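Hi everyone, thanks for coming. Let me put the model up on the screen, and then we can walk through a few parts of it together.

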Amino acid sequence: MILAGSRRRVGLLAGLLALAAVLLSGQLRSPERRAVGAVGRLVLSVLLPAQASLSRAADALSGSWRVLHEIGQLRTENARLRAEVERLRRELVDLQEASAEAERLRRLLGFRPPPPYTTVAARVVTRDPSRWYTSLTVDRGLVDGLSRHDPVVTADGLVGRVFEVYRNTARVLLVTDPRSSVGVLVQSTRDAGVAEGTGVDRLRLRYLSRSSRLSEGDVLVTSGLGGVFPRGLRVGVVRRVLRTTGALFQEAEVEPATDLSRLEEVLVMVRHPPRGDAR
Amino acid sequence: MTWWRRGGVAAAYGLLLLLAVAVEGAWAWRLGWGGGAADPVLLLVLAASLRRGPEVGALAGFAGGLLQDLAGGGPLGMVALSKSVVGLAAGTLARTLALEGAWAPAALAAAASVGAKLVELGLAWLAGDAPLWLPWLAGTAATASYNALLAPIVFAGLRRVRRWLGPATPGGVPEA
């Protein structure tokens with residue numbers, strides 16, 4: 001039985017070998033001699049369309065997978081780009097800040113104080129939000145040569161004067177403080193008056209002669225009288241002239257030359273500069 | 001087994017082989033790696049051989065290989081011969097060796113893959129074609145690995161088909 005099985009297997013193998021040999025003979029190295037025959041063509045006519053369909057299905061599946069994969073990649077990329085945008089925005093804000101500061105300092109440095117003054121640049125460190133137009137604190141003090149009544153200016157004009165000095169800081173009374181009064185001249189007519197603070201972002205020009213031909217847009221400068229402020233510092237611009245019938249003087253509403261609500265750096269005009277490097 | 005039953009089994013195997021060739025041509029190459037790809041025809045031939053004996057394995061191998069030759073555009077008979085040798089050998093081995101355990105299908109598939117490639121190599125050598133050894137070895141190893149991984153799945157799937165087809169011939173082994 002076993003022997004019969006072995007003989008059958010050997011016979012089968014021999015037959016298949018012979019068949020393969022017949023098939024292979026002549027066309028093993030010559031593809032053009034490959035003859036599939038009618039049966040082969042029939043099989044291929046079934047097989048190839050089936051393969052094409054399966055291949056299309058695989059393409060669709062592969063395409064869907066690719067889309068899903070790309071969505072995942074896009075999400076990652078999107079998160080990365082968002083972080084990048086956020087970082088660049090922060091950087092842009094920093095750069096804009098630095099640029100604005102550089103511009104302010106450049107303008108500040110353009111200010112040339114009259115002799116015998118020199119200037120000390122100071123940074124505004126604190127302000128009282130409830131009394132915005134009264135005083136502020138700067139980061140310079142006695143060691144920097146500051147003293148009481150030193151004028152404080154920007155490139156645009158007068159800010160105020162130092163009224164309290166400490167070792168490393170000083171408090172500045174703004175021209176808009178109601179306690180502040182500055183002797184001024186109308187730049188065009190040279191008529192004298194006094195600019196007083198009002199506690200808001202305006203000054204009041206008082207004690208100006210009725211005969212003075214004051215008009216909106218006139219520039220006021222310090223008169224140099226009183227000994228606190230040197231002559232010629234811009235104080236403000238006349239915005240509204242107030243003439244009251246029967247009054248001895250005329251008055252005006254004046255816009256300060258410097259935007260006092262946005263002060264960040266100022267120059268303190270000192271008469272006696274400190275010796276050595278003061279901060 | 002009656003003649004009509006035999007005919008049914010043969011037709012079922014034929015269809016499965018046709019499907020395997022179609023799947024191989026359309027899908028298997030896409031998942032190829034290291035110069036090799038899964039060979040579902042070989043796995044089917046192995047299943048037939050283990051289940052229904054070496055003769056059926058040899059015939060299935062020849063038919064499946066011939067279909068691969070036909071679809072692949074290679075010399076007709078080359079893969080047919082290698083697959084029929086593998087089918088015959090696997091069936092014969094299954095009768096003499098105890099192929100048991102979960103690893104058996106994977107090991108057999110790997111060995112059969114290498115065997116089939118060796119037969120093809122021999123035929124190519126006879127024809128005067130010498131392959132580049134490194135790519136050949138890499139491709140053979142990759143194909144053997146793929147088939148080893150797929151064999152347990154394919155065999156399990158075929159067991160379900162077999163339940164529908166009916167009982168095996170006495171010469172087969174139950175594992176496949």
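Let me start with a question: which residues does B:Leu17 touch, not counting residues up to four places away in sequence? Before I answer, some housekeeping. This is a predicted model, so local features need pLDDT of at least 70 and side-chain atom pairs count only at pLDDT 80 or more, while totals for chains, interfaces and linings use all residues. Residues are numbered from 1 along each chain as its sequence is written, chains are lettered from A and ligands numbered from 1 in the order in which they are written, and side-chain values use heavy atoms, with hydrogens and water left out.

Back to B:Leu17. The residues it touches are B:Val41, B:Leu44, B:Val45, B:Ala60, B:Ala63, B:Gly64 and B:Leu67, where a contact means heavy atoms within 4.5 Å. B:Leu17 and B:Val41 are 24 residues apart in sequence, yet their C-alpha atoms are 6.1 Å apart in space. B:Leu17 sits in helix H1 of chain B, residues 3–26. Helices here are DSSP runs of H or I with at least four residues, strands are runs of E with at least two, and both are numbered from the N terminus. B:Leu17 counts as buried because its relative accessibility is 4%; buried means under 20% relative accessible area, exposed over 50%, and partly exposed in between, with a 1.4 Å probe and protein chains only.

Staying with H1(B), let's see how it meets chain A. Helix H2 of chain A, residues 37–109, packs against H1(B) at an angle of about 45°, with the axes 8 Å apart. The axes are lines fitted to C-alpha atoms over the stretch in contact, and angles run from 0 to 180 degrees between N-to-C directions. H2(A) and H1(B) are therefore oblique to each other, given that under 35 degrees counts as roughly parallel, over 145 as roughly antiparallel, 65 to 115 as roughly perpendicular and the rest as oblique. On the H2(A) side, the contact residues include A:Val43, A:Leu47 and A:Leu54, and on the H1(B) side they include B:Leu18, B:Val21 and B:Ala26.

Now for chain A as a whole. Chain A has two helices and twelve strands, and along the sequence the pattern is α-α-β-β-β-β-β-β-β-β-β-β-β-β. Of its 279 residues, 34% count as buried.

Who are the neighbours? S12(A) runs antiparallel to strand S1 of chain A, residues 118–127, and six bridges join them; strands pair if DSSP finds at least two bridges between them. One of these bridges links A:Thr119 with A:Met269. Strand S3 of chain A, residues 151–153, also pairs with S12(A) in the antiparallel sense, over two bridges, and there A:Val152 partners A:Val268.

Finally, two backbone details. A:His149, in the loop between S2 and S3 of chain A, has a positive phi of about 75° although it is not a glycine. A:Tyr207, in strand S8 of chain A, has a phi near 60°, again positive in a residue other than glycine. A:His149 is partly exposed at 32% relative accessibility, and A:Tyr207 is partly exposed at 42%.

Thanks, everyone!
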